[in-house]
Amino acid sequence: MTHISTAGTTGTAGTGGTADASGTVGREDAAGPGRPSRERLISVDVARAIAVFAMFAAHIGPPAKPEGAGHLLVAFDGRAPAIFTLIAGLSLTLSRGGTRPRPQLAGAGRGTLVKCAVLAGLGLALTELRSGIAVILTFFALYFLAAEPLARLGTRALTAVAAVSVVAGPVLSYVLGPYFGYRVVGRGRYPGFEAVTSWSGFTDALDALLLSGAYPWLTYFPYVVVGMALGRLADLRRPGTARRLLGWGALVTLAGHGLSALALGPGGGREALLRAIERSHAYALNTPDPVQAVLGRQAGAIPSTSRAWLLVDGPYSQTPFETVANIGASLLLLGLAVAVCRGRTMRTVLRPLAVVGTMGLSVYAVHVVARAELHPHHGWPALGAFCGVSLVACAVWASAFRTTPLRRGPLEWALHALMPKGSGAAVRSGGGSGAVEG
């Protein structure tokens, strides 16, 4: 699956400082005397970089099996796009003041439109490489367009919308599926250049972006809204935030997976699924796990043949329980990153990882091209090579261009350069990219 993170200035606008080569802020502010704001920013970049590597694992790593090091892959299986998307919403809020939101500057809407157009165009171009990766950039363009009006909501209203969307989005996807021809199968698509070359291509792309795609707005936009609300509610610079993130993350993850297990087991959900499979998915009856066989053919999305499908929590199933569990996992990762980045020594050790997080859009695009051109054999060697090259290349780039705007990364710089002057986005998000992280 695929994911992005443009630019290395997570929350730069929220502090008003000057970004250094790693995309962090180099002055002290509301964090308090003697506590630099870069502590918080590096933690978000580290979390994003880990999601980048989880994305690599999904695309060129070995199968996620519960054995040896494979347990780590199982833990991240299906979570990378959710983490990226949630961090995108978090970064959007951080770029606008975080827990102390600022009024939107005049012309910011123009900056958002340009940003979305660039992301959509890049996403369509990468899709045409036929890399086998479900490119997410075009979906992100729609997410950011939809997020713009929500960014104006108060904290309570935004939090309420986030909570409702976690359930409403997947349920609407299930309910609407049959009306658009997706009762049994047909999900998991992603648009290419045909979206802009014909009317039928455009309508098909709109269908994929909203409902039937690999990362449709209905089931993935809730992660953006949750991330936006998190940025309003949690000051990552304050002591105790890491502990709260870890605690809530563990509770939410347990709730998502635990309630799903109860509903499928004692609640009789699995029996209902097997009956639905017998009626509508006969091809899966003789497989070792009929439920997973159906989900695999759906490219992750659930069919609309039984309401019991809404009870599953498997990777990419895009149900309320999976969404809740993925949100919990995102909180756990962010909490862990905040905790380990509090010490100066660990910030230094993790800086190369954070730099990867600041150049996520460039890293993402290069990895799609590499997958398309090199056709790497899936396995640990390929995964290690992709991760190692990313670490070294990003570090060299950040060092070579540390005194220039190119330090953001090549595509991050280009996105900044294309932003309309006076749009406000470049001022608030350290190059117009802070809101496109994840």
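Mentor: Let's start with helix H10 (residues 241–264) and helix H13 (residues 320–340), which pack at an angle of about 155° with their axes 7 Å apart. Helices here are DSSP runs of H or I with at least four residues, strands are runs of E with at least two, and both are numbered from the N terminus. The axes are lines fitted to C-alpha atoms, for helices over the stretch in contact, and the angles run from 0 to 180 degrees between N-to-C directions. H10 and H13 are therefore roughly antiparallel to each other (under 35 degrees counts as roughly parallel, over 145 as roughly antiparallel, 65 to 115 as roughly perpendicular, and the rest as oblique). Their crossing is left-handed, meaning that the near helix is turned anticlockwise from the far one by less than a right angle; clockwise would be right-handed.

Before going on, please keep in mind that this is a predicted model, in which local features need pLDDT of at least 70 and side-chain atom pairs count only at pLDDT 80 or more, while totals for chains, interfaces and linings use all residues. Residues are numbered from 1 along each chain as its sequence is written, and side-chain values use heavy atoms, with hydrogens and water left out.

Now to the residues that meet, where contact means heavy atoms within 4.5 Å. H10 contributes Ala-242, Leu-245, Leu-246, Trp-248, Gly-249, Ala-250, Val-252, Thr-253, Gly-256, His-257, Leu-259 and Ser-260. From H13 come Phe-321, Val-324, Ala-325, Gly-328, Ala-329, Leu-331, Leu-332, Leu-334, Gly-335, Leu-336, Val-338 and Ala-339. By class, this contact of H10 with H13 has 17 nonpolar, 7 polar and no charged residues (Ala, Val, Leu, Ile, Met, Phe, Trp, Tyr, Cys and Pro count as nonpolar, Asp, Glu, Lys and Arg as charged, and the others, Gly among them, as polar).

H13 has another partner to look at. It packs with helix H9 (residues 217–233) at an angle of about 40°, the axes being 11 Å apart. That makes H9 oblique to H13, and the crossing of the two is right-handed. H9 brings Tyr-223, Val-226 and Leu-230 to the contact, while H13 brings Glu-322, Thr-323, Asn-326, Ile-327, Leu-331 and Leu-334. Here the residues divide into 6 nonpolar, 2 polar and 1 charged. Leu-331 and Leu-334 are also listed in the contact of H13 with H10.

The crossing is left-handed. On the H7 side, the residues that meet H9 include Leu-158, Val-161, Ala-162, Val-166, Pro-170 and Leu-176. On the H9 side, Val-225, Val-226, Met-228 and Arg-232 are among them. This contact of H7 with H9 comprises 14 nonpolar, 6 polar and 1 charged residues.

Buried means under 20% relative accessible area, exposed over 50% and partly exposed in between, using a 1.4 Å probe and protein chains only.

Leaving aside neighbours within four places in sequence, Thr-93 is in contact with Gly-98, Gly-227, Met-228, Gly-231 and Arg-232. Thr-93 is buried, with a relative accessible area of 7%.

Back at H13, the loop between helix H12 (290–297) and H13 holds Tyr-316. Its phi is near 65°, a positive value in a residue other than glycine, and Tyr-316 is buried at 12% relative accessible area. His-375 also has a positive phi, of about 50°, although it is not a glycine. His-375, in the loop between helix H15 (360–374) and helix H16 (380–400), is exposed, with a relative accessible area of 61%.

As for the chain around all this, it has 18 helices and 0 strands, and buried residues make up 57% of its 438 residues.
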